[in-house]
Amino acid sequence: MYKTMQTDSLNFKEALSLAWKRMFEIKGRSRRSEYWWTILALCIFIMVVRFLLPDFLASLLVLVAQLSALPLSVRRLHDTGRSGWWIGGAMIFGFIYTGLLISTLISSVVTTSSLSDALATISLPLILGGVILLAYQITLLVFFCMDSHPTTNQYGKSPKYIEE
């Protein structure tokens, strides 16, 4: 039986430094403090970029910032003992849902020639798909908030707990 001892949380500077060093790495684990401090920094960065730069350039930088958070999110899921494919599932389902929604709106606008009429014709499956996508995102949020798996798991040693 293992006895575990918890280490101190990372501060803002330590978390950003660690996340920056492992920016392209999906293997391993990342603890909550690394994840949430980095997400906070990315949110601040996105707000500043949106305020200061033209729309196209801002959108491009926001996309790069969001993509840089993907490996960190995968490592965070690994830390809770879950597969990074939870992120892939959200992305795939989100793309499919967005494509169906856009195609439905375009075909409705073409046939009704009014956006308000087109919005009224959105079908129940699309509404249900949106609810499912929202539930999936909330599930991911709960996973990101969960504590680290205290012992070594299939993704590596715990960055938070020391096994004695």
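Tutor: We go through the surface, then the core, then the cysteines of this predicted model.

Student: Which residues make the nonpolar surface patch?

Tutor: Phe-12, Trp-37, Leu-40, Ile-44, Met-47, Val-48, Phe-51 and Leu-52 make a patch of about 830 Å². Helix α2, residues 32-52, gives the most to this patch, with seven residues.

Student: Is Leu-52 buried or exposed?

Tutor: Exposed means over 50% relative accessible area. Leu-52 has 59% relative accessibility, so Leu-52 counts as exposed. Leu-52 is found in helix α2.

Student: Which residues have the most contacts inside the largest nonpolar core?

Tutor: A nonpolar core joins buried residues through side-chain atoms within 4.5 Å. The largest one here has 13 residues, and those with the most contacts inside it are Tyr-35, Ile-39, Leu-42, Leu-77, Ile-87, Leu-140 and Phe-144. At least two residues of this core come from each of α2, α3 (55-79), α4 (85-112) and α6 (124-145). Helix α3 gives the most to this core, with five residues.

Student: What is Phe-144 in contact with, leaving aside its neighbours within four places in sequence?

Tutor: Its contacts are Arg-32, Tyr-35, Trp-36, Ser-73, Arg-76, Leu-77 and Ile-87.

Student: How many disulfides does the structure hold?

Tutor: The structure holds zero disulfides. Cys-43 is in no disulfide.

Key:
Residues numbered from 1 in each chain as written. Predicted model: local features only at pLDDT ≥ 70, side-chain atom pairs only at ≥ 80, totals over all residues. Heavy atoms only, no water. Patch = residues over 30% accessible without salt bridge, like charges linked within 9 Å, V, L, I, M, F, W, Y side chains within 5 Å. Areas by Shrake-Rupley, 256 points an atom, 1.4 Å probe, with all protein chains shown as cover. Salt bridge = Lys/Arg side-chain N within 4 Å of Asp/Glu carboxyl O. Helix = DSSP H or I, 4+ residues; strand = E, 2+ residues; numbered from the N terminus. Buried < 20%, exposed > 50% of the residue type's maximum accessible area, 1.4 Å probe, protein only. Contact = heavy atoms within 4.5 Å. Disulfide = S-S within 2.5 Å.
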